[in-house]
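Student: I have a structure to read and I am new to it. Can you walk me through it, one feature at a time?

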Amino acid sequence: MEKQLDQLAFWKFRGLPEGVDVAGVAPFDPATRALTFFLPKMVRQPGSAIEISVDEVNLPPAAKNAVQSDRKFLYARPGVARNQPRPASVRLGRSLPFKTSGATINQDLPVFLRASYTNNFAKRSGQHVYHFQATIGATDDLALKPIMQNALSQVSFVPNLKLDIAAQRTIDNPNSIVWSMPLAYRRYFAGTYSQGSYSRPGWRFVQFQMGVEGEHAAHGQSQNVIFPVRGNIHYASRPGEWRAVFDASAGYELGWNMAESIQKLQLEYMPPPELPPTFVRTVAVENKNIRRLMGEAKLKFSKGKKVSLEGLLTARKLYRPEQMITERDVEGYFEPRPGENFFGLRRVTDEYQVLDTKFDLRRRIYSEASLIYALNDNLSVDLVYKRGVKQPSFQEVNVVTIGLSFSYGKVKE
């Protein structure tokens, strides 16, 4: 009977999605007794099960009783609350899970936390900062159960929330919140099965997203509501000693700025109790409209789950002027402008910081490079370098962070 196990006619299937066929069965390995079925034109279906059983028509009478108690097993994906059945164990040859054309769908809402130390070598002020980052929601992989799905297409709601909070807020490490609530349509590319082997596609899927998102930075630098329309393509090499993953996206962002432009002066000396340590100038923002063309590229090299090297490059071309805040250290005298009352003082003598606000159409380019070493499945040590004009405050960033990150709900492919 073992000679028949890798023949497709030996098996019968129930529960296959419409338009999906089992393309073949891998050659049976008597040593490992592993058996693999190939469904190259199907994304793994969450919360569904495929029943695979022996077609008893092909069994000799003497073999029917031998497989009577073990002839059926299920391929199942767990649900959002993990209360649906997991893939059942298989006694017939101790079969391995089936291979398909798409990444495993993660139905948990992923959580990523990072506590890090920043060495801001570009600035004298705020050079040593501890800060906390959190991301809750989907990243490159869909989270939550798809709203609609067929063999190779999905429509999903992919909420995302990012927090960046510094213990000592500086201009190069501004506290910020970025959230998004888009709908995503994803179309997977099918794999191929030929002569007993399955070839998974390198380019895995194309994706289109649209929805609403918010960009909020501390002290009112950015309070934006954005309506983006973006397209994305995803490439992933086969798992091996080293693996490459590449994502490229582009789109258009339009929205509205609800903030006021600011200029901030921070005194380094301790003033009398009646004098606050900072002085803020507020300037009316002439342009409230946001019109941007955006592009992003991410590249990741990973060695198993232990080490990963990641690079990120984003660019935004502006079609309406937006504020860009820069910080400068000043030594000497600060004198208020005509009509301004600086706490009754004519001028201040000390070292201070000044925020300058400019409105321009310069491209906002930002990049990151990171080295991540996993201590276990959930805890990693991170070394990250950030440089450029970072969303959402659009302020110059040039920092190195060293820290620990914790993640939950990572997609395992």
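Student: Where is Asp382 placed?

Tutor: Helices (H or I, at least four residues) and strands (E, at least two) are DSSP runs, numbered from the N terminus. Asp382 lies in strand β25 (residues 379-390). This is a predicted model: local features need pLDDT of at least 70, side-chain atom pairs count only at pLDDT 80 or more, and totals for chains, interfaces and linings use all residues. Residues are numbered from 1 along each chain as its sequence is written, and side-chain values use heavy atoms, with hydrogens and water left out.

Student: Is Asp382 buried or exposed?

Tutor: Buried means under 20% relative accessible area, exposed over 50%, and partly exposed in between (1.4 Å probe, protein chains only). Asp382 has a relative accessible area of 2%, so it is buried.

Student: Which residues is Asp382 in contact with, leaving aside its neighbours within four places in sequence?

Tutor: Contact means heavy atoms within 4.5 Å. The residues in contact with Asp382 include Arg114, Leu371, Thr401 and Leu404. Leu404 is 22 residues from Asp382 along the chain, yet their C-alpha atoms are separated by 5.9 Å.

Student: How many salt bridges does the structure hold?

Tutor: A salt bridge is a side-chain nitrogen of Lys or Arg within 4 Å of a carboxyl oxygen of Asp or Glu. The structure holds ten. In one of them, Glu253 pairs with Arg230, with the closest N and O atoms 2.7 Å apart. That pair links distant parts of the chain: Glu253 is in strand β17 (residues 243-257) and Arg230 in strand β16 (residues 223-236), 23 residues apart. Glu253 is buried at 0% relative accessible area, and Arg230 is buried at 17%. Both belong to a network of salt bridges that also includes Glu213 and Arg292.

Student: Which residues form salt bridges with Asp360?

Tutor: One is Arg362, with the closest N and O atoms 2.9 Å apart. Another is Arg364, at 2.6 Å. Asp360 and Arg364 are buried. Arg362 is partly exposed, at 43% relative accessibility.

Student: What does the chain hold as a whole?

Tutor: One helix and 26 strands. Of its 413 residues, 45% count as buried.
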